Number of protein chains: 2
Amino acid sequence: MRTNDIFKHIYSYCKKFKNLFKQTTEGLKKLLNIPADFQIFFVSSAVESMERIIQGCCHQTSFHIITGSFGKAWAKYAGELGKNVLTYTIATDTTEFPDLQIPKEAEIICLTQNDTSTGFWIPPEKILALKKRYPNKLIAIDVVSSVPYVNIDFKFADAAFFSVQKGFGLPAGLGVLIVSPDVLKKTEALLKKKVIIGSYHSLKNLSEKALNLQTPETPNVLNIYLLNAVTRDMLKTGLAKIRKEIDEKAKIIYKFFENNKKYSPFIKTLEFRSPTTLVFDVKGKSEKLRKKLAKKGYILGAGYGENKLNHIRIANFPSHKLKDIKSILKYV
Amino acid sequence: MRTNDIFKHIYSYCKKFKNLFKQTTEGLKKLLNIPADFQIFFVSSAVESMERIIQGCCHQTSFHIITGSFGKAWAKYAGELGKNVLTYTIATDTTEFPDLQIPKEAEIICLTQNDTSTGFWIPPEKILALKKRYPNKLIAIDVVSSVPYVNIDFKFADAAFFSVQKGFGLPAGLGVLIVSPDVLKKTEALLKKKVIIGSYHSLKNLSEKALNLQTPETPNVLNIYLLNAVTRDMLKTGLAKIRKEIDEKAKIIYKFFENNKKYSPFIKTLEFRSPTTLVFDVKGKSEKLRKKLAKKGYILGAGYGENKLNHIRIANFPSHKLKDIKSILKYV
């Protein structure tokens with residue numbers, strides 16, 4: 001098979017998978033400032049992480065802060081897994097972060113720190129404040145489209161997850177799930193109560209294998225290898241520089257749309273505007289604009305769901321270059 | 001990111017993912033003779049398929065025919081998912097296929113057609129006979145390491161699954177799950193009874209998305225693209241030729257070990273000997289032999305579990321060349 005040859009040299013690097021597992025998780029811990037006693041698991045997608053967190057951290061009731069389609073999906077999955085699902089939806093045009101009252105029975109707070117569908121950004125300090133107010137509840141954070149830009153203080157977070165095709169610019173098919181010791185304690189407590197927490201990829205099985213630098217299934221070696229390479233690249237560049245560049249690009253794009261007579265940023269309140277997934281209201285011109293840009297080689301996102309025709313979505317990840325951003329704006 | 005460039009041209013081929021989904025599933029249906037009314041789902045591994053089948057096809061009781069570690073794992077996962085698990089273990093030194101009496105309460109029969117850990121092969125006609133005797137029970141078949149060689153008659157099978165890193169010679173991280181209309185009927189019946197069948201990757205969600213040529217999560221485009229390419233290659237070569245070559249290689253290897261004074265095939269009864277994953281008893285010399293072969297560039301499997309030091313395992317997939325097999329035997 002020709003395809004075998006393509007990957008031969010990659011596999012030769014990865015003969016010792018345990019070394020690769022160790023390097024990759026250590027690199028991620030360094031890059032994202034993850035405490036030494038946290039564990040990192042390799043799963044297949046961000047939605048899988050949503051499922052495994054609910055199965056492994058929630059006996060009866062989960063609480064979901066919803067700011068777009070991905071938060072909504074997470075709540076839906078929790079329902080499908082038989083949980084009592086409580087939700088609070090933050091309107092995308094809110095001017096203030098709500099004073100959330102989280103019911104006593106909620107065991108875990110699930111939130112989408114940056115919802116790709118709306119470009120709504122929950123400032124990390126709001127998450128920190130939440131954990132301080134509810135120290136006995138677990139907090140699980142979807143950072144799919146904000147990592148590695150977002151600065152999560154893991155002293156005030158219990159689980160976080162992302163997939164590699166956004167900020168890390170890799171092919172889809174690999175998810176990364178970060179969990180605190182408290183998460184694993186909760187899983188043990190559920191097991192004692194005979195709660196079903198899943199099978200091959202239960203947090204318990206993932207944890208036991210990870211302690212031995214293994215995965216429950218034959219690992220996605222190729223993608224883990226690439227993730228390791230990109231993580232090392234990022235460590236070399238430094239996250240400060242990566243963040244600064246993203247800030248600069250975001251500033252240019254938002255400024256452009258604020259000064260535009262026809263179009264405007266969808267999220268009005270500055271502190272809730274995503275620097276990494278920027279959404280703009282283009283008044284029904286989404287398809288026209290996207291076609292025009294595609295001809296120039298730039299593939300932009302359409303609006304999500306009901307906003308398909310009204311929005312365009314511009315990704316601003318480490319791999320997106322300033323000169324491309326400037327080009328895009330020239331053609332808008 | 002440099003890695004972005006590597007995959008750019010692959011993605012340019014895959015812009016229209018729905019076309020890729022359609023081509024790949026149609027190609028697999030043609031290659032493996034899968035009926036038109038069956039559905040094919042893309043999941044992340046073979047063990048995920050084990051989980052999804054148990055969740056989606058079994059309310060209370062599953063029956064497992066065990067011939068090695070993978071069958072055992074499947075039964076373990078069913079237990080972790082809260083099912084009443086019945087098992088029948090076939091001894092690897094059996095001379096006859098047992099006359100299985102499957103209890104009335106078993107809703108599904110799970111079997112590993114070719115267990116990679118032992119090289120025990122269940123002849124497909126035994127599966128067919130089982131379904132004829134128990135037409136009202138679902139039959140789910142692990143064909144991880146026998147596909148595309150094995151000839152499954154899907155008129156007498158309800159679910160089958162494999163991962164792409166064995167017979168298709170691709171990087172790990174993608175599983176393929178094939179299901180009959182009866183499987184989806186059973187899933188619907190479970191849902192009506194409020195049984196929890198999983199969330200984003202429940203058979204119901206997978207089916208609904210697949211009908212629209214989509215996956216519930218961002219798809220593993222790279223691996224599906226490669227699977228499509230290999231499937232097309234195999235269709236061009238023809239399965240008859242691929243099977244004939246595997247038979248020829250298997251014959252040479254088994255003959256070598258039968259005539260060897262020190263070593264012997266682990267499975268003694270001819271009809272249960274795997275043509276695709278061949279296991280040999282090398283009387284404690286496994287590590288020595290494997291090191292010697294590794295120096296020549298050939299990576300063989302050690303024995304599985306407790307047989308680590310006593311066995312070597314030789315894979316005989318479409319991508320393994322006759323000349324390499326002959327080289328390996330020269331160095332044994």
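Guide: The count between chain A and chain B is two salt bridges. This is a predicted model, in which local features need pLDDT of at least 70 and side-chain atom pairs count only at pLDDT 80 or more, while totals for chains, interfaces and linings use all residues. Residues are numbered from 1 along each chain as its sequence is written, chains are lettered from A and ligands numbered from 1 in the order in which they are written, and side-chain values use heavy atoms, with hydrogens and water left out.

Visitor: Why is the pair R52(A) and E51(B) called a salt bridge?

Guide: The term requires a side-chain nitrogen of Lys or Arg within 4 Å of a carboxyl oxygen of Asp or Glu. The closest N and O atoms of R52(A) and E51(B) are 3.1 Å apart, so the pair meets the definition.

Visitor: Which elements give two or more residues to the side of chain A that touches chain B?

Guide: They are α1 (2-13), α3 (46-57), α4 (69-80) and α8 (221-237) of chain A. Helices are DSSP runs of H or I with at least four residues, strands are runs of E with at least two, and both are numbered from the N terminus.

Visitor: How many residues does each chain bring to the contact, and what area is buried?

Guide: Chain A gives 38 residues and chain B gives 38 residues, where contact means heavy atoms within 4.5 Å. The two chains bury about 3600 Å² between them, with 58% of it on carbon and sulfur atoms. Buried area is the accessible area (1.4 Å probe) that two parts lose on being put together, summed over both.

Visitor: Why is K194(A) called exposed, and why is K283(B) called partly exposed?

Guide: Exposed means over 50% relative accessible area, buried means under 20%, and partly exposed lies in between (1.4 Å probe, protein chains only). K194(A) has 76% and therefore counts as exposed. K283(B) has 48%, so this residue counts as partly exposed.

Visitor: What is the phi of K194(A), and that of K283(B)?

Guide: Phi of K194(A) is near 65°, a positive value in a residue other than glycine. For K283(B), also not a glycine, phi is positive and near 50°. Most residues other than glycine have a negative phi, and most peptide bonds are trans.

Visitor: Where is P148(B), and is the peptide bond joining V147(B) to P148(B) cis or trans?

Guide: P148(B) is in the loop between β7 (138-142) and β8 (159-163) of chain B. The bond is cis, with omega about 5°.
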